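Please look over the sequence and the structure below before reading on.

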Amino acid sequence: MTTLASGTAASNSEKDGLTRDALTVLQPGFPGTTAPDWLLRRLGQGLASVGLFGRNIASTEQLAALTAQLRAERDDVLVAIDEEGGDVTRLEVRTGSSFPGNHALGAVDDVELTREVAAELGRRLAACGVNLNWAPSADVNSNPSNPVIGVRSFGADTDLVARHTAAYVTGLQSAGVAACTKHFPGHGDTAVDSHHALPAIDAELSVLQSRELAPFRAAIAAGTRAVMSAHILVPALDPERPATLSRRVLTGLLREELGYDGLIVTDGMEMQAIAATYGIERGSVLAIAAGADAICVGGGLADDDTVRRLRDALVSAVRTGELPEERLADAANRVRELARWTASSGGARAGGGAGVLTGAGAGTGVDAEAGAGASDRVEVGLVAARRALTVTHSETYAPLTEAPYVAALTPVANIAVGDETPWGVAAELARLLPGTETGSFTGENAGPSALAAAGPRRIVAVLRDEHRHPWMAAALDTLLAARPDTIVVEMGVPQSPPRGALHIATHGAARVCGRAAAEVITGA
């Protein structure tokens, strides 16, 4: 009986260890601004990471309280967020970012400024208890028609992207927040958004080596603590499976050839590139088997059932022999190793040495201007946004002194950005010129509709990625033909020649970019 009891205990211990490892490699999301009971229970059972999104953040105080709640259950929990600055912001999801984003930083091309911006962003994250940032994007935006990267990239020049990626990693991690460089092996040369379908990059291996991989080499050299895989098919590397599920890409290329030894995180598994082709359960098993260490899920599926399904799929795969138990254990250990690094760095302790920013009201997101004694630091985003502007104007242009009409030529936002984050210059112009009015226009009647709405008022046309939207170019033609004094603010990747009495390329659509543009328009 003693032998049987010992064997049963060993079996239960092995089962418990396997289940804990399966939970440890998951990075789930959850609804609400406080942690639900099921999430706290899973943290007690072995879950080691959580992912935060805009829906989880109402204010800095609330975010700090949320992360403290998580750490009360598990002190070394990895709290991750998708905070790139610029278009993709969760801290300021309802107000727009205080940082102009990668493309603006690339336009300035001052690596010390990029480092300072990333360090300040990291300081704000750490002050709220966040210790893993799914950033920066190291993608080379070599395809101007790319629907999902665009201004999230530092640019189209490989060397520029590489040096700014390294600077961003260094700055972010100086604040004790782990960088997660993405989207490996590079999402820049795609014309499809992997949120919707599976993109493919048909470039030759030599091109991939010299273009796509260079920024990741730079990030690895800079010590990036994590790398995020892309849901893209790269036939030159693996003709059958997307990078997230490819052992050739994650283990053969990233681990063995590039010598990377940190955490490998998948992009969101509920994205259609994976969910609609393999399903999230099988996709997660294949990803871990291929060399991934952490499964990101929760942008769309954010409940306990998803966690249970993925845990059980991993446990079942080990028991059937499809997933080596050693590989799952290695993945879980890498998660714990990163957790130890963040704990030892001291950067992410809500209410700790960095200090929690204050002043944001419920539902507003993080207050960009808050924080006693932080005035020098909070200005770095505005400094960057101002320096990123490219301004072209006629000889007769004079700053506006009367309230204009802002015609926003608005494309559909990609899922990474979301449609709840405001963009444009209307709010900032209204602050400088009270009485400013605005409207949003789209489609083939956008131009005539904007003219009618503006009436006699001076028009400020705000657009993004005109080169990707024929209707937008046509609308701008209509506005300029009828009103040559129209002011044009291009907030996407500028590809078209400057037009209008004043043309401002901001290289980003963040709130701070709008502020910088409004200052030029009004001469403030």
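The notes that follow cover a sheet, a helix and a residue.

This is a predicted model, in which local features need pLDDT of at least 70 and side-chain atom pairs count only at pLDDT 80 or more, while totals for chains, interfaces and linings use all residues. Residues are numbered from 1 along each chain as its sequence is written, and side-chain values use heavy atoms, with hydrogens and water left out. Helices (H or I, at least four residues) and strands (E, at least two) are DSSP runs numbered from the N terminus.

**The sheet**

- An open sheet is built from 6 strands in the order β9-β14-β13-β12-β10-β11, with mixed pairing; two strands pair if DSSP finds at least two bridges between them.
- The edges are held by β9 (390-393) and β11 (437-441), each with a single partner strand, so one side of each has no neighbour in the sheet.
- From one strand to the next, the twist averages 15°; axes are lines fitted to C-alpha atoms, for helices over the stretch in contact, and angles run from 0 to 180 degrees between N-to-C directions.
- Strands β10 (residues 405-409) and β12 (residues 459-463) pair in the parallel sense over 4 bridges, and Y405 stands opposite I459 in β12.

**Helices on the sheet**

- Helix α17 (residues 446-454) packs on the sheet and touches β10, β11 and β12, its direction making about 165° with that of β10; contact means heavy atoms within 4.5 Å.
- Lying across β9, β12, β13 (487-490) and β14 (502-505), helix α19 (residues 511-522) runs at about 160° to β14.

**Helix α5**

- The 17 residues of α5 (residues 111-127) should span 24 Å at 1.5 Å a residue, and its end C-alpha atoms are 24 Å apart, which agrees; the expected span is 1.5 Å times one less than the number of residues.
- Of the 17 residues of α5, 13 are buried (under 20% relative accessible area, with exposed over 50% and partly exposed in between; 1.4 Å probe, protein chains only).
- D110 caps the N-terminal end of α5, with a side-chain oxygen 3.1 Å from the backbone nitrogen of E112.
- Just after α5, G129 takes a positive phi of about 90°.

**Residue N133**

- N133 belongs to strand β4 (residues 132-133) and counts as buried because its relative accessibility is 0%.
- Leaving aside neighbours within four places in sequence, the contacts of N133 include I81, D82, L121, L125 and Y168.
- The C-alpha atoms of N133 and G51 are separated by 9.5 Å, although the two residues are 82 residues apart along the chain.

Methods:
Polar contact = N/O pair within 3.5 Å; in protein donor to acceptor, adjacent residues only side chain to side chain.
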